Amino acid sequence: MALVAAGLAFLGAAGTAPGGAVSPPAGEPRPGPPARFVPGPCPQTPEPVPGRCGVLEVPENRAHRGGRTIRLAVAIIPAASATPAEDPVVFMSGGPGGDAIGDIPFLIGAGVNRDRDLIVMAQRGTLHTEPNLACPEIDRFYADTVGLRYDAPSTGRLLVRAAKQCRDRLTADGVELSAYNTTENAADFADLRKALDIHRWNVYGYSYGTDLALTFLRRHPQGIRSVAIDSVVPPQIVSLPWTWDSAREGIGAIFAACAAQPRCKSRYPDLPRTLTEQVRRLEAHPLTLTTQPPGGGDPVKVVLDGGALVNLLVANAVPAVDVPAALDELAHGHPDRFAQARAAGANPVIGEFAHGLTQSVACSEWVPGYSRSDLLKAGRRAFPGWPDTVLAQAPQLPFEHDVCRVWNVPDRTPVQRVATVSNVPTLIVSGTFDAKTGARWGPYTGRTLPRSTAVRIPGIGHWVVPQSPCAQSVLASFLTHPVSPDTACVAGLAPKPFTITPDLESS
């Protein structure tokens, strides 16, 4: 994202040392009793975990001696190589709130464990941990919201009610929501390395996992051989206004790639104008449709307004190669691609995603310091001419100021909005079509990482490595030679040809 366009302030790296070490500020968690790894059965998953497992027992809040202990599932997947390297890879999942154990098939498919053992730990509060900060109340809200206006105040009130119900239930169960933050999360991984008696390891994280990995590198640099971050969320800059600039960059990159392909440019000559027209039209006159979800099942009511359209694009719910065609079809009265993508949200897996961790992190680390007005101004700069009702809600995080009011966790930005300064070799991977975490934030993050290598993979969206054989090759080379990875394959890449449909006006 363009920082100037987003209206965000750079926050410096005060308090960090060149090697990344930092003393915990006053009031921050201090090392407590040693954590304990307890071997045990692997979590039950659709695809059996191909390794050995156990749980890591750590304090819920390291600042409270004698507080309760939480349990985090750990899986150790052996290297595919018969002669693996001694330093394993530890994985940090996205979200916050994603199911790390469920990511294992993608990691194996991408060859992350080709030459090294792969260690995957469920982050505190997520699936396969005790406690699990799942919010079925919010899952059910999102299932219902496919039939509601995305950004209507009445929809926001329903989300706030669901969040409050979840918060009240979790706190009644004794969960200390303020302890589910990136600082404690990073300390869990530091404890894991010690509990497994690992001298050195390599860190790989994507999306929120990059925020976590950079925090981990800053606060716990010991034992880190290398860090790979994929789809970067820089902790010093992430905020609600930040999301609009990433949306503009990712969507704009898709449009620019279409303009660079003669057939696409000829067939869809002015995509930015088409999108603006459709956002404005749908926001003024939403479509109400009955659509069968892509996975099958009974047809569901779907409401497609401007906010829903934008969020489907940011979420890559319609494949990038189909976006120009889908927008053209929408403009000519055929909303099927977007309606089906919207209907997909009607059948979530209840309890799989830990919305409780999402809100505890977002409300303490991402939301404070920027007002609703700041968010709206960033949206207007990113997409001039769009309705304010759309731009008032951060992509993927609607009504977050209202949700955070009821979630009620302390502001942690003074200790979290800090750049990581480190000489540890770092690979930074971004996809040019990523509208959640814009590709330009990779090189930006590398400014304080002098031994970093940043690559942009054309035509790929969020979480690059599982989608790109070239990125997989670069990551494998980096793990072998962290200071001088082979990035030659990137130069020959280009986005795939876009879908070209018949011209509806001439047919």
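This is a predicted model: local features need pLDDT of at least 70, side-chain atom pairs count only at pLDDT 80 or more; totals for chains, interfaces and linings use all residues.
A residue is called buried when its relative accessible area is under 20%. By this cut-off Y206, with a relative accessible area of 12%, is buried.

The protein chain contains 19 helices and 12 strands. Of its 507 residues, 59% are buried. The C-alpha trace spans about 70 × 55 × 45 Å along its principal axes. A compact globule of 507 residues would have a radius of gyration near 23 Å, and the value for the protein chain, 22 Å, agrees with this. The accessible surface comes to about 19,800 Å², and carbon and sulfur atoms account for 54% of that area. When contacts between residues at least 6 apart in sequence are considered, 78% of them join residues at least 24 apart.

With strand 1 (residues 36-40) it pairs in the antiparallel sense over five bridges. Strand 2 and strand 3 also run antiparallel, and eight bridges join them. V55 takes part in both pairings: V55 is the bridge partner of V38 in strand 2, and A73 is the bridge partner of V55 in strand 3. Strand 2 is mostly covered, with seven of its eight residues buried.

The count of salt bridges comes to 26. One of them links R62 and D191, whose closest N and O atoms are 2.8 Å apart. R62 lies in the loop between strand 2 (52-59) and strand 3 (69-77), whereas D191 belongs to helix 5 (residues 182-195), so this pair ties together parts that are 129 residues apart in sequence. R62 and D191 are both buried.

The side chains of D188 and R124 meet at 2.7 Å, N to O. D188 lies in helix 5 and R124 in the loop between strand 5 (118-121) and strand 6 (129-130), so the pair ties together parts that are 64 residues apart in sequence. D188 counts as buried because its relative accessibility is 0%, and R124 counts as buried at 0% as well. Through shared partners, salt bridges join R62, R124, E184, D188 and D191 into one network.

The salt bridge between R114 and D115 has its closest N and O atoms 2.9 Å apart. Here R114 counts as partly exposed, at 45% relative accessibility. D115, at 25% relative accessibility, also counts as partly exposed.

F91 and Y204 form a tilted pair, with 5.8 Å from centre to centre and 45° between the planes. F91 lies in strand 4 (residues 89-92) and Y204 in strand 7 (residues 201-207), so the pair ties together parts that are 113 residues apart in sequence. Both F91 and Y204 are buried.

F91 also pairs with Y206. The ring centres of F91 and Y206 are 6.2 Å apart and the planes stand at 15°, so this pair is stacked. The pair links distant parts of the chain, F91 being in strand 4 and Y206 in strand 7, 115 residues apart. The relative accessibility of F91 is 0%, so F91 counts as buried. One aromatic cluster is formed by F91, F106, Y204, Y206 and W463.

Conventions: Residues are numbered from 1 along each chain as its sequence is written. Side-chain values use heavy atoms; hydrogens and water are left out. A salt bridge is a side-chain nitrogen of Lys or Arg within 4 Å of a carboxyl oxygen of Asp or Glu. Helices (H or I, at least four residues) and strands (E, at least two) are DSSP runs, numbered from the N terminus. Buried means under 20% relative accessible area, exposed over 50%, partly exposed in between (1.4 Å probe, protein chains only). Two strands pair if DSSP finds at least two bridges between them. The radius of gyration is taken over C-alpha atoms; the globule rule is 2.2 Å times the number of residues to the power 0.38. Contact means heavy atoms within 4.5 Å. Accessible areas come from the Shrake-Rupley method with a 1.4 Å probe; for residues, only the protein chains shown count as cover. Rings of Phe, Tyr and Trp (its six-membered ring) pair if their centres lie within 6.5 Å; planes under 30 degrees apart count as stacked, over 60 as edge-to-face and the rest as tilted.
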